Amino acid sequence: MASFSDCYGCSLCLLSCPMWLQRRDVRFSPQGYAKAMQHGATGADMDQALSACIQCGACDLLCPEQIDLSGMIAAALQQAEAPAAVADAAEPDWFAMSRTPALRQRLRADDLYIIDAVCFHAGHTLRAPHYDQLRRQTGCSMNLDLNRMAVATGIGSRAESLQAFDVNRQLEWLLLGRRFQRVIVENPADQRMLAQMTGKPVLSVSALINLPESGANRSETEHA
Amino acid sequence: MNVSVESTLPADPVAADALIGIPRQQTNASRWQGEQWADFVQALQQQDVEIRQQCADTGIYLTDAGGLAHGMPHGVVVAASAGQIAALMQAAQRFAVPVTVRGGGLTTEGESVAFGGVLLDMTGMSRVLHVDKSGLIVRTQAGIFWHHLAEVLRRDDLDYISAPLNLSSSVGGTLGVGGIDVNSARYGCSADQAVSLQVVTPTGEIVECSDRENSELFERIILGYGQFGIITEASLHIRPYTPLRMHYFYYASLQPCVEDLLMLDASHACDYTGILTMMDTAITLLVAFDSDQREAEFMATVKAQLRGYGEWGFGLRLAAGFIWRPWRWREALFLLRRKRELFPDLQPDMHMHDGKMYDRTVVFSRAVWKHWGDRHMVIPDLATNRDKFVAAVERGNAVCRKYFPCYTLYCVGIRLRDEHKAHYELSSIPPDAEGWAYGCEFEPMYNGVAYSRDYLQSFKNEIYDVGVELETSYYRFGGMMKGYIRRALGDAVVEKHLQLKQQADPAMVLNRDVIF
């Protein structure tokens with residue numbers, strides 16, 4: 001497995017990095033961490049930059065050198081004893097939910113379906129084709145960028161601990177220019193913020209699946 | 001002792017005198033020694049300009065995509081505003097501190113590497129400012145990567161017109177050197193898409209320029225290798241987004257393929273054209289269209305004139321050629337492996353729908369970094385007029401064969417704009433080119449072999465020597481190699497621009513080792 005010393009600065013990891021997109025400062029990127037470590041920086045030296053990482057995992061997939069960037073960041077965080085973006089406990093299997101026939105039937109072409117980025121990137125090989133098919137079959141739009149990485153959300157419940165990361169700005173970026181009538185979220189963590197920002201109905205996947213048949217197409221705002 | 005001057009490769013290709021006609025020391029910049037650095041830093045700090053001097057901060061910028069030149073800046077400034085950059089340049093003039101500007105860092109001869117002084121990281125200014133959807137013009141900060149520009153434009157079903165097939169190159173850097181795409185034969189280079197620019201001059205004035213306003217500065221900035229100012233904002237032509245339908249035609253030798261490329265461009269029958277090869281054995285002509293109508297017209301009127309084969313026909317022909325030549329089976333195995341690895345990445349499921357490719361630049365850019373990128377992105381180019389292009393490709397190919405068992409050629413045409421002739425003066429566009437210029441990049445594939453810096457440098461120099469002998473231009477998307485600049489452009493052009501540079505940049509501090 002390649003390590004941080006193999007980073008030669010191609011910048012591809014920046015392209016889908018939520019932290020870099022907010023800061024536009026290479027120190028706040030996997031490349032910035034790797035390059036700093038190549039020059040002797042320790043986790044403690046980078047604690048501010050490290051704590052801005054939401055560990056969505058997109059960088060692992062984009063790195064042409066296949067460096068374990070998530071592992072590198074986790075190790076540096078441990079070294080720095082910096083607050084990390086720890087996943088919410090006992091997250092349900094959203095991917096399994098996304099495969100249910102009920103979801104396929106109830107998703108509409110004017111829905112914005114928000115994939116949970118961490119799960120998506122962690123199982124990208126298997127999951128990317130599934131979501132691509134789901135998008136084509138239902139006509140809904142998804143929170144995918146041009147690299148077909150998921151624009152990360154699912155961090156609302158951790159927003160207060162992630163002081164170095166602006167969740168509002170992240171959601172603004174996700175929503176920029178997208179046209180939809182309803183939002184379906186896998187991870188309900190940002191449900192309330194999305195409802196406030198969009199003024200549109202925001203349903204969790206589980207709620208959509210469990211809606212009674214007659215209510216599946218009803219406009220209904222649901223807050224977390 | 002007799003020394004042969006006819007030989008193109010000296011007995012020792014890594015010796016100090018290996019670069020024919022070019023003293024070795026001219027290819028790398030000397031390090032600035034830090035005179036008045038402390039006063040300079042103090043002056044900047046008084047104006048609230050942050051300058052980072054820790055090793056971990058400056059080390060991020062140690063090298064560029066070429067990976068052959070290494071240098072550490074004394075300090076790094078991350079661009080935040082035109083005003084901040086103006087303050088930086090005023091202080092740099094006052095204390096004679098060199099400023100090296102960097103966007104994506106995709107230069108190949110160290111042009112974005114600071115050999116001391118300040119490294120100005122333009123990616124700090126990388127936001128889209130305004131999209132004029134009806135006028136089809138975008139105003140953006142110049143440090144933006146083309147990828148992010150595309151990302152924002154796509155939310156409104158819009159797209160840039162042409163950009164390098166490398167998404168981590170920046171808009172500002174590209175406008176300074178040209179930028180070629182597979183649609184450049186139709187639309188011109190990326191720099192031709194610029195409508196107007198906000199520029200910070202070497203002496204720290206903030207100036208708006210275009211063909212109508214401060215037009216002389218505009219001429220110097222576009223394709224000016226960063227010598228006459230720092231582009232902080234750019235207005236660019238854009239267009240509605242369309243996916244494309246790609247066709248591939250395969251050739252067994254270079255000449256017919258290059259000739260067909262020239263014919264296609266002259267016919268205006270295609271929206272995208274280019275050549276991508278696996279050595280000179282499997283040569284692919286890429287042809288693509290923005291609309292079904294254009295594709296249908298091409299199929300009805302032009303396709304029959306092409307001499308290339310389809311995939312199966314070419315595969316059978318290639319197999320028949322290899323089967324009686326066991327000494328070439330290793331090459332055949334490489335081609336098979338390459339095809340197996342590369343082709344799926346050129347048509348990834350996530351970017352294909354109904355036979356159309358979505359986000360071609362993402363597809364190509366990722367393939368470039370995965371299959372060609374490495375610690376050393378060595379891509380010497382030759383640029384010629386139409387008449388010299390076949391010879392340039394064939395001679396450059398012979399150099400590749402000499403140095404590397406595996407390599408790729410990438411060829412595209414560049415439509416020239418008569419009204420932009422002044423822009424092209426200091427650039428890689430050959431002055432004798434009319435209508436189109438043609439570029440060929442020669443890209444070694446390392447396959448895990450570690451080549452020395454000097455070996456790679458010798459390869460590049462031998463490609464440039466072909467350019468000298470053909471009396472044409474040679475360039476890279478990163479700029480012009482300093483040691484060759486007078487031979488490529490001639491003393492008159494260089495002296496003219498040197499004089500302009502001295503007027504614009506009295507202390508000669510901005511990107512000082514790139515050209516002059």
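This is a predicted model: local features need pLDDT of at least 70, side-chain atom pairs count only at pLDDT 80 or more; totals for chains, interfaces and linings use all residues.

Visitor: How many bridges join β15(B) and β17 of chain B?

Guide: Four bridges, in the antiparallel sense, where β17 of chain B covers residues 436-444.

Visitor: How does the open sheet in chain A pair, parallel or antiparallel?

Guide: The pairing there is parallel, and the four strands run in the order β2-β1-β3-β4 (chain A). At the edges are β2 (141-142) and β4 (202-204) of chain A, each pairing on one side only.

Visitor: Which helix packs on that sheet of chain A?

Guide: Helix α11 (residues 191-198) of chain A, which touches β3 and β4 of chain A. The direction of α11 makes about 160° with that of β4(A).

Visitor: And what is the bridge partner of A:Asp111 in β3(A)?

Guide: The partner is A:Arg182. The strands concerned, β1 (residues 111-114) and β3 (residues 182-185) of chain A, pair in the parallel sense over four bridges.

Visitor: Let us turn to whole chains. How many helices and strands has chain B?

Guide: Chain B has 16 helices and 17 strands. Its radius of gyration is 23 Å, close to the 24 Å that the globule rule gives for 516 residues, so chain B is as compact as a globular protein of that length.

Visitor: What domains does the assignment give for chain B?

Guide: The assignment gives domain 1 (24-121), domain 2 (124-240) and domain 3 (245-489). To read a domain pair, take the separation and then the contact. The C-alpha centres of domain 1 and domain 2 of chain B are separated by 23 Å, and the contact takes 15 residues from domain 1 and 20 residues from domain 2.

Visitor: Which helix gives the largest share of the domain 1 side in chain B?

Guide: Helix α3 (residues 82-95) of chain B, with seven residues. By class, that side of domain 1 of chain B has 10 nonpolar, four polar and one charged residues.

Visitor: How far apart are the C-alpha centres of domain 1 and domain 2 of chain A?

Guide: They lie 25 Å apart. In the assignment for chain A, domain 1 is 4-80 and domain 2 is 94-215. Their contact takes 16 residues from domain 1 of chain A and 17 residues from domain 2 of chain A. On the domain 1 side, α1 (18-23) and α4 (58-62) of chain A each supply at least two residues. That side divides into 10 nonpolar, five polar and one charged residues.

Visitor: How is the interface between the chains read?

Guide: The size of an interface is often given as the accessible area lost when the parts come together. Here the reading is by residues: 30 residues of chain B are in contact with 29 residues of chain A.

Visitor: Which elements give two or more residues to the side of chain B that touches chain A?

Guide: They are α2 (55-58), α4 (146-154) and α12 (360-372) of chain B. Of the elements on that side, α4(B) gives the most, with four residues. The residues of the chain B side divide into 10 nonpolar, 10 polar and 10 charged.

Visitor: What confidence does the model carry?

Guide: For the model as a whole, the scores are ipTM 0.90 and pTM 0.91. For chain B, the mean pLDDT is 89, and 92% of its residues reach 70 or more. Residues 1-7 of chain B have pLDDT below 50 and zero contacts in the model beyond near neighbours in sequence. Residues 9-19 of chain B also have pLDDT below 50, but this stretch has 19 contacts beyond near neighbours in sequence.

Technical notes: Residues are numbered from 1 along each chain as its sequence is written. Chains are lettered from A and ligands numbered from 1 in the order in which they are written. Two strands pair if DSSP finds at least two bridges between them. pLDDT is the predictor's confidence in each residue, from 0 to 100. Two residues are in contact if their C-beta atoms, placed from the backbone, lie within 7 Å. Domain bounds come from an automatic or database domain assignment. Ala, Val, Leu, Ile, Met, Phe, Trp, Tyr, Cys and Pro count as nonpolar, Asp, Glu, Lys and Arg as charged, and the others, Gly among them, as polar. The radius of gyration is taken over C-alpha atoms; the globule rule is 2.2 Å times the number of residues to the power 0.38. Axes are lines fitted to C-alpha atoms, for helices over the stretch in contact, and angles run from 0 to 180 degrees between N-to-C directions.
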